[in-house]
Amino acid sequence: MAPPAARAATAASGAAVAGALVGWGAIAVGIAAKDGRYGGWALAAILVGWAAVAATVALLAGHRAPARLLGAPVSLAARRLGRPAGWLGWRVAWAAVALVVGLGPVLRHPRYYAHGPFATAADGLAIAAGLLAAAGVLATLAAGAPPRRHPALARVAAAARGRWAFAAVLALAVAAGVATVRAAPAPEIDVFHLLQESSAGLAHGKNLYHQVWPATPHDGLVDVYPYLPATSVLLAPFRLALGDVRYGLLAAGVVAACAVRALVARPAKDAGDAGYGGDAGYGGDGPPWMPVLPLLVLVFPESCYALQQSWTEPLLVACLAVMVWATARGHGALAVVAFALALASKQHAALLVPVAAAWPAFGVRRAAAACALGLALVTPWLVADPGAFVHDAVRANLDYPVLDHSLSVPGWAWHFGVGLGFPVAAAGLAGAYLLALLAARARGDATAFAAGGALVLVTMVALNKQSFFNHYTLPMALLVLAAATVAPPGRPGGASPAIGAQPAAADPPVAADPPVAADPPVAGGVG
C-alpha cells in the first residue's frame, strides 16, 4: 500500500484533474445547448463550468475549501465503496466527459449551411469519432480495478486507450472535418468571407485592414478585419493551396491534439509509472492519465459546426499547446515563437501574458520576448496605416453593443434591461488574475499556467458583451492542457507537488528541475 503522503498527493492530483474535466464538460454542454447562443439552461451550464474552473484554480493555489466542495458530491459514495474520494471523483468526472463526448454528436449536429451527402457523411463520422473516444474513456475506467483481478479487462482497456485508438479517432475527426468543409463550401457568415479574401489578398500585397468582403451577409462585417494579422498569415497557405482556410483550422486542431498527446504519452519504464502509459494506475491507488485526453481539443460536441463557421480559435489552441509542450521539453525559443504567434493572431491571447510570466519555466523574460516578437509581427500593418489598424483591431471590438442572444452574463442581464458595464468585467478579471497568480506561486508548473489561463479567459468571455460558441472553446482547450500536465505523484523528474503544499528547503521546487535528455519530463514537472 502506498504511504499516506503519496495517497494524499494522488488524491489531490486526481481532484485537480476532476475539476478541470468538470469545467470542460459543463462548458461543452453550455455551448452546445443552443449552438452557442443564450438560453437559460445553456447559461446555467456555463456558470457551473466557470465555478468548477475557479474552484480548481483555488485548489491549485492551496485553498482546501474548494477541494472539499469538489469532492463533496462523491465523498459519501466513495466511503461506501471503500475507494479514495479523489480517485472516485476523477472517475465520475471522466464518466461525465464520456457521456458528453459520446452523446453530443448523436443528440445534436447542426448543419446550417451544410447540405447533401457530405453533410450526412460529416454527421456519421463525427458520431463515430465521439463514440469511439467515449468507448476509450469507459474502457479505461472499467479497468480501474486492480489488473490482477481482471487481467482480460485490463488488456481490453489498454488496447482501447492505446495508440491505434488515438489514431483512429483522430482520423475520423479529420475525415468529419473535411466532409464538413465540402458540405458547406460557402457558409453565410462574415468570418469565412473575410478570412478567405484577406488570406488570398496577402499574395497580392493587399492590406487586410483596407479590404472589403462583398459576399458577406447583410448583417455581418463588410469592411472590418477584427483580428490581428497573423490569423490570415497562418491560414494563407491553405487558402492558396487548397482553396479554403478551414483546412488550416482543421490542421491546427490536429497539431494541438498531437502536442497534448506528446505531453501525456510517455513510456512506462519508471517504477510506479504504469498508469501513465501502461495498464495499471498508480499501483491501483489512483487514476491513469489516459491517451484519449488529447482528443478533447479536437473532439467535442458540435466541433464540426465550429469548423463550418470558420471560427479561428483552433489557431490559438495549437499555438498554446505547442508553447506548453516546447516549454516542457526545454525548447525555449520554440515556446516563445509559439506564444508570439498566438499574441499576433487574436487579441484575447494578450490576457494570458501575466499568467505566462508567472510560470517559472516560461518566465518574465520569455513572456517579454514573445510580446516583442508578436509586436514585430504586427508592426508592418500598424505602420502601413495606424488609423485603419486601430479602427479594425481595437475600436471595432470595444464598440460592439450588448446582444440579448450573447451567451454571457451581460447578455442575460440585457433581457431585464440591465446593462453591466466595464467595472463588472474588470472586477471579475481582477479576481481571476488573483487566483491564477496565487496558483502559479504555490505550484509553479504548467498545470497552474493552463488552469489559471482558462479561468482568466472564461471570466472574460462570461462577462463580455458578445460571447458565443467559439469564444468558450479556447478556455476549454486550456482545461485539457491543465489536466494533461498534472504529473503523477512520485515520478522521477515529473512529479507535481501535493496541491497546496510548499516545497521543502532541501527539495527545490519542481520548476527548477532541468529537462532530462534521456527521459524528458512532462510539463507538470518542468513548470
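Modeller: Let's settle one word before anything else: contact means heavy atoms within 4.5 Å. Leu-195, Gln-196, Ser-198, Ser-199, Ala-200 and Leu-202 in H8 meet Thr-231, Ser-232, Val-233, Leu-235, Ala-236, Arg-239 and Leu-240 in H9 by that rule. Bear in mind that this is a predicted model, where local features need pLDDT of at least 70 and side-chain atom pairs count only at pLDDT 80 or more, while totals for chains, interfaces and linings use all residues. Residues are numbered from 1 along each chain as its sequence is written, and side-chain values use heavy atoms, with hydrogens and water left out.

Biologist: What makes something a helix here, and how many does the chain have?

Modeller: Helices are DSSP runs of H or I with at least four residues, strands are runs of E with at least two, and both are numbered from the N terminus. On that basis the chain has 22 helices and zero strands.

Biologist: Why is H8 called roughly perpendicular to H9?

Modeller: Helix H8 (residues 190-202) and helix H9 (residues 230-242) pack at about 85°, and their axes are 8 Å apart. That angle makes H8 roughly perpendicular to H9, since under 35 degrees counts as roughly parallel, over 145 as roughly antiparallel, 65 to 115 as roughly perpendicular and the rest as oblique. The axes are lines fitted to C-alpha atoms, for helices over the stretch in contact, and the angles run from 0 to 180 degrees between N-to-C directions.

Biologist: And what classes of residue make up the contact of H8 with H9?

Modeller: Seven nonpolar, five polar and one charged. Ala, Val, Leu, Ile, Met, Phe, Trp, Tyr, Cys and Pro count as nonpolar, Asp, Glu, Lys and Arg as charged, and the others, Gly among them, as polar.

Biologist: Why is Val-57 called buried?

Modeller: Buried means under 20% relative accessible area, exposed means over 50%, and partly exposed is in between (1.4 Å probe, protein chains only). Val-57, at 0%, therefore counts as buried. Val-57 is placed in helix H2 (residues 40-60), and leaving aside neighbours within four places in sequence, Val-57 is in contact with Leu-435, Ala-436, Ala-439, Ala-451, Gly-452 and Leu-455. Val-57 and Gly-453 are 396 residues apart in sequence, yet 9.6 Å apart in space, C-alpha to C-alpha.

Biologist: Then why is Leu-138 called partly exposed?

Modeller: Leu-138 has a relative accessible area of 46%, so it is partly exposed.

Biologist: How do you know that the structure holds zero disulfides?

Modeller: A disulfide is a pair of cysteine sulfur atoms within 2.5 Å, and the structure holds zero of them. On the cysteines, Cys-304 is buried at 16%, and Cys-319 is buried at 8%.

Biologist: What makes the link between Arg-443 and Asp-445 a polar contact?

Modeller: A polar contact is a pair of N or O atoms within 3.5 Å; within protein, one must be able to donate a hydrogen and the other to accept it, and residues adjacent in sequence count only if both atoms are side-chain atoms. The side chains of Arg-443 and Asp-445 are joined at 2.8 Å, inside that cut-off. Arg-443 lies in helix H19 (residues 422-443), and at 6% Arg-443 is buried.

Biologist: Which backbone atom does the side chain of His-471 reach?

Modeller: The backbone nitrogen of Phe-468, at 2.9 Å. His-471 sits in helix H21 (residues 469-484) and, at 17%, counts as buried. Apart from neighbours within four places in sequence, Glu-313, His-348, Val-461 and Gln-466 are in contact with His-471.

Biologist: Where is Ser-310, and is Ser-310 buried or exposed?

Modeller: Ser-310 lies in the loop between H12 and helix H13 (313-328), and at 0% Ser-310 counts as buried. Ser-310 has a positive phi of about 70° although it is not a glycine.
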